[in-house]
Amino acid sequence: MSTTRIESEVNARVLRVEVTVGDNVTVDDVLMVLESMKMEIPVQSSVAGRVSAVHAAAGDTVEEGQLLIELSQS
Amino acid sequence: MIGKVLVANRGEIAVRIVRACRRCNVKSVAVYTEPDQGAPHVSLADEAYPLEAASPAQGYLNQTALLAIARASGCDAVHPGYGFLAENAQFASAVEHAGMVWIGPTPQSIDIMGNKQRARELAASLGVPVVPGRTLTACEDVTLVQAATSLGLPVLVKASGGGGGIGMRVVEREDDLLAAIRATRDLASKYFGDAAVYLERFVPSARHIEVQVFGYGDGKAIHLYERDCSIQRRYQKVIEEAPAVDVPQQTLQAMRSAALTLACDQEYRGAGTVEFLYDTETGSFYFLEMNTRIQVEHPVTEMITGLDLVAMQIELAAGKLAAVPQASIKAAGHAIECRVYAERPAKRFLPSTGRLEVFVPPPESADLRVETGYSQNMQVTHFYDPLLAKVIAWGQSRQAAAARMHRALGAFQIRGVETNLGMLRAIVSHEAVLSSAPTTQFLSQHPQVLTA
């Protein structure tokens, strides 16, 4: 088991969270959609795995480098 | 008569409107959200008031707060700029019902042109060519595929209720149609709450050419020539110029006449832009949409005509504008505008936020304008669009304007956020741009320019 941390690449507001804990995801799946400077920025999965933690909710303000989601890979 | 204008906007366009008010001997009232407290539009205006809002992103959209400030400060007119509430017919009506002048077209014009389908139908009914296309709400896959093949491939598939290029895709092969339509339909219902899909014949080699019009509100209108905004990244304009080069004179005349037909038919009031797609292979042009506001790229038109479009808007609203005879409007030389954005070209053009540690625009002159709503030490936040400044250069020739632009961009000093300055410099000095008029595909065909 290893854990992959998905961090925000920008200062933004969380528009939508597309996954919940326990979901299985594959590479490039959209986990979350952020809004920054009037642009929608999809946060995509870099690995295949299971969502083990979601650290931000719709409406939250997040900073660059902030942990958004943790994925566990078997 | 108008004595005081509420400037219902921020950034460079708010500064532009405040300056035009001063030129017209009209007082200006600025509004601001918390991150914009120290912004130039606030310090330059005669008065400024904070906007209450749940978040800074909502501030300039708060109609109730804007109207309350306008009333309390004794404004008799509202200028919406572009974006935010500029094309909100309901807000325009609310301003008029409050007894103030809306510096823009009538709510009816905003309404008709804001609905892309109705705008297309109106244009077609007036004999203005439109791109062959149709909206499909039917969920029968077979119907959709038949409709697409009847338009002819390649075809552009997009969400009917969408905008900004979201969910747009080009389909070249019949085998790929169904998958593309399904994907767009899913995206459309998810993002826009409307599963309708719009199919349009795709023009592979196209230029985006738009005509600047100005209506007097009485069925008369003039045109101020055209702008070429073909250099785009993901359907967003990056560079605009005026006039449009390498288009046959009779085609330009036909575009201007089509634009005026649309403006006159609705007794259009004030500044407006009629956008066309120009097919470089067939020489045909098609109506895309009409923007019922002052546009970001209006300065290139001002540079070649010597007219002040924002002052004209204010004077028209004040009932003081003397009609400008069409024959007196001459286009001289060439003007180019570059949009300087806070973005990270090397990282998929993600937004770049931060404090402007250094922000020194190139010096302005008669041939070089810089429009900005930022100053050194201001924060560039994620709440607003990434436009830091517009640089507009004029020259006797297109090459001379491009060379002046190249120097100006090189002199622009920005530290604290990343920008697209390098990309802009690469574009305005690119052989393919200088030697002929680029198409909308320029940046996708020259990807090395993107990260220059």
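Visitor: How many residues does the contact take from chain A and from chain B?
Guide: In this predicted model, the contact takes 10 residues from chain A and 7 residues from chain B.

Visitor: And which strands of chain A supply at least two residues each of the side that touches chain B?
Guide: On that side of chain A, β2 (12-17) and β5 (39-44) each contribute at least two residues.

Visitor: How do the residues of that side divide into nonpolar, polar and charged?
Guide: The side of chain A that touches chain B consists of 5 nonpolar, 2 polar and 3 charged residues.

Visitor: Switching to chain B, what domains does the assignment give?
Guide: The domain assignment of chain B lists domain 1 (4-103), domain 2 (132-201) and domain 3 (206-450), and the centres of domain 2 and domain 3 of chain B, taken over C-alpha atoms, are separated by 30 Å.

Visitor: What order do the strands of the open sheet have in chain B?
Guide: The 8 strands of this open sheet in chain B follow the order β14-β13-β10-β11-β12-β15-β22-β20, and the pairing is antiparallel.

Visitor: Why is one side of β14 and of β20 left without a neighbour in the sheet?
Guide: In chain B, β14 (285-291) and β20 (368-372) stand at the edges and each has a single partner strand, so one side of each lacks a neighbour in the sheet. Direction ignored, neighbouring strands of this sheet are turned by 25° against each other on average.

Visitor: How many bridges join β13 to β14 in chain B?
Guide: Strand β13 (residues 269-279) of chain B is joined to the antiparallel β14(B) by 6 bridges, and Y278(B) has F285(B) in β14(B) as its bridge partner.

Visitor: Which helix lies across β20 and β22?
Guide: Helix α1 (residues 11-23) of chain B lies across β20 and β22 (387-395) of chain B, and α1 runs at about 60° to β22(B).

How values were computed: Residues are numbered from 1 along each chain as its sequence is written. Chains are lettered from A and ligands numbered from 1 in the order in which they are written. This is a predicted model: local features need pLDDT of at least 70, side-chain atom pairs count only at pLDDT 80 or more; totals for chains, interfaces and linings use all residues. Two strands pair if DSSP finds at least two bridges between them. Helices (H or I, at least four residues) and strands (E, at least two) are DSSP runs, numbered from the N terminus. Axes are lines fitted to C-alpha atoms, for helices over the stretch in contact, and angles run from 0 to 180 degrees between N-to-C directions. Two residues are in contact if their C-beta atoms, placed from the backbone, lie within 7 Å. Ala, Val, Leu, Ile, Met, Phe, Trp, Tyr, Cys and Pro count as nonpolar, Asp, Glu, Lys and Arg as charged, and the others, Gly among them, as polar. Domain bounds come from an automatic or database domain assignment.
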